[in-house]
Amino acid sequence: TASIKPLVAGNWKMNGLKTDLGIAAEIARGHDGALRTKVDLAICPPATLLYPMTAALIGSRIATGGQDCSLRDSGAFTGEVSAAMLADAGAQYAIVGHSERRTLHGERDATVKAKAQAAQAALLVPIVCVGETKDEREAGKALAVVKKQLRGSVPEGSTGATLVVAYEPVWAIGTGLTPTTADVAEMHAAIRADLGRILGKAAAASVRLLYGGSVKPSNAAELMGVSDVDGALVGGASLKAEDFLGIARACG
Ligand code: PEP
């Protein structure tokens with residue numbers, strides 16, 4: 001959408017040690033004056049790297065984010081990391097409802113919504129992920145599945161300042177496969193319309209809608225040029241500074 005500054009967010013997943021902080025520094029060097037005016041960047045490293053990465057990025061405009069957060073505030077929840085802890089470590093965003101969380105950890109829409117609300121309560125911007133499986137797309141159910149996920153996962157009252165939505169077809173994640181630009185356009189327009197019904201038209205118009213799933217420098221310009229695509233959520237290619245920057249440049 002023309003009036004929205006795009007966001008390219010990197011999801012490092014369970015990759016990255018202190019020795020990889022140089023990748024973030026290299027991305028910061030490449031996010032120079034011209035690029036900064038055109039695109040916002042965020043990196044979501046494993047929680048262990050949030051604090052040192054945020055420190056390494058001081059002076060840059062690059063934000064950091066968590067890859068998940070607890071729906072609880074604090075207490076006896078061994079292994080959980082709260083949204084306030086992510087914020088305390090320097091995060092500005094938290095991915096919630098990533099398909100790997102939905103599939104491997106059984107997270108359902110109500111849980112994703114509670115996590116998004118917990119993130120917002122800690123003044124983090126949740127990046128709420130939705131997307132259909134291969135079977136669902138082949139059965140012609142992609143739009144209905146995503147609509148149901150949105151209804152169940154998006155907190156009421158969200159605006160473009162407090163919410164990002166990422167459309168990530170599950171079958172496109174880490175596979176090298178991508179939907180056609182026509183399919184992306186159809187889905188993103190449907191998401192914008194559904195958000196309009198959930199949040200009101202004005203708020204929905206300001207929410208950044210990211211596309212995610214096998215985005216790389218060679219296909220980024222085409223995908224980022226689709227209407228209602230306001231940036232990308234990038235997995236594999238976010239681990240290489242040149243690839244991540246290549247995708248960022250394609251948004252400009
Ligand atoms: C993701 O998991 O959010 C993702 C988009 O992964 P990839 O870019 O590797 O397909």
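## Helix H1 and its partners

H1 passes H12 in a right-handed crossing (right-handed when the near helix is turned clockwise from the far one by less than a right angle, left-handed when anticlockwise). The axes of H1 and H12 come within 9 Å and cross at roughly 35 degrees. Axes here are lines fitted to C-alpha atoms, for helices over the stretch in contact, and angles run from 0 to 180 degrees between N-to-C directions. From H1, the contact uses Ile23, Glu26, Ile27 and Gly30; from H12, it uses Ala241, Phe244 and Leu245. Two residues are in contact if their C-beta atoms, placed from the backbone, lie within 7 Å. By class, the contact of H1 with H12 has 5 nonpolar, 1 polar and 1 charged residues. Nonpolar means Ala, Val, Leu, Ile, Met, Phe, Trp, Tyr, Cys and Pro; charged means Asp, Glu, Lys and Arg; the others, Gly among them, are polar.

H1 also meets H3. Their axes come within 10 Å and cross at roughly 35 degrees. The crossing of H1 and H3 is right-handed. Leu21, Ala24 and Ala25 of H1 touch Pro52, Met53 and Ala56 of H3. The contact of H1 with H3 has 6 nonpolar residues, no polar and no charged.

## About the model

This is a predicted model: local features need pLDDT of at least 70, side-chain atom pairs count only at pLDDT 80 or more, and totals for chains, interfaces and linings use all residues. Residues are numbered from 1 along each chain as its sequence is written. Helices (H or I, at least four residues) and strands (E, at least two) are DSSP runs, numbered from the N terminus.

How is a pair of packed helices described? For helix H8 (residues 142-153) and helix H9 (residues 181-199), the axes come within 10 Å and cross at roughly 35 degrees. H8 and H9 make a right-handed crossing.

On the H8 side are Ala142, Leu143, Val146, Lys147, Leu150 and Arg151; they meet Met187, Ala190, Ile191, Asp194, Leu195 and Ile198 of H9. The residues of this contact divide into 9 nonpolar, no polar and 3 charged.

Which residues of helix H3 (residues 47-56) are buried? They are Leu49, Leu50, Met53 and Thr54. Buried means that 20 or more other C-beta atoms lie within 10 Å of a residue's own; exposed means 12 or fewer, and partly exposed is in between, with C-beta atoms placed from the backbone. Seen down the axis of H3, the buried residues fall within an arc of 130 degrees, so they line one face of the helix. The arc is that of the directions from the helix axis to the C-beta atoms. Their cover includes helix H1 (21-30), strand E2 (40-44), strand E3 (63-66) and helix H4 (83-88).

Helix H11 (residues 217-224) has Ala220, Leu223 and Met224 as its buried residues. These cover an arc of only 85 degrees around the axis, which puts them on the same side of H11. They pack against H9, strand E7 (208-212), strand E8 (231-234) and H12.

## Ala250, in H12

Ala250 lies in helix H12 (residues 241-250). Is Ala250 buried or exposed? Ala250 is buried, because 22 other C-beta atoms lie within 10 Å. Ala250 touches Pro217, Ala220, Ala221 and Met224, not counting residues up to four places away in sequence. Ala250 and Ala220 are 30 residues apart in sequence, yet 5.8 Å apart in space, C-alpha to C-alpha.

## Loop residues

Most residues other than glycine have a negative phi. Lys13 has a positive phi of about 55 degrees, although it is not a glycine. Lys13 sits in the loop between strand E1 (7-11) and H1. Lys13 is partly exposed, with 18 other C-beta atoms within 10 Å. Leu123 also has a positive phi, near 65 degrees. Its loop runs between helix H6 (109-121) and strand E5 (125-130). Leu123 is exposed, with 11 other C-beta atoms within 10 Å.

Thr175 is in the loop between strand E6 (164-167) and H9. Thr175 is exposed, with 12 other C-beta atoms within 10 Å.

## Around the ligand

Of the 13 residues around the ligand, Ile173, Gly174, Gly212, Gly235 and Gly236 come nearest. A residue counts as near if its C-beta atom, placed from the backbone, lies within 6 Å. By class, this shell has 5 nonpolar, 7 polar and 1 charged residues.
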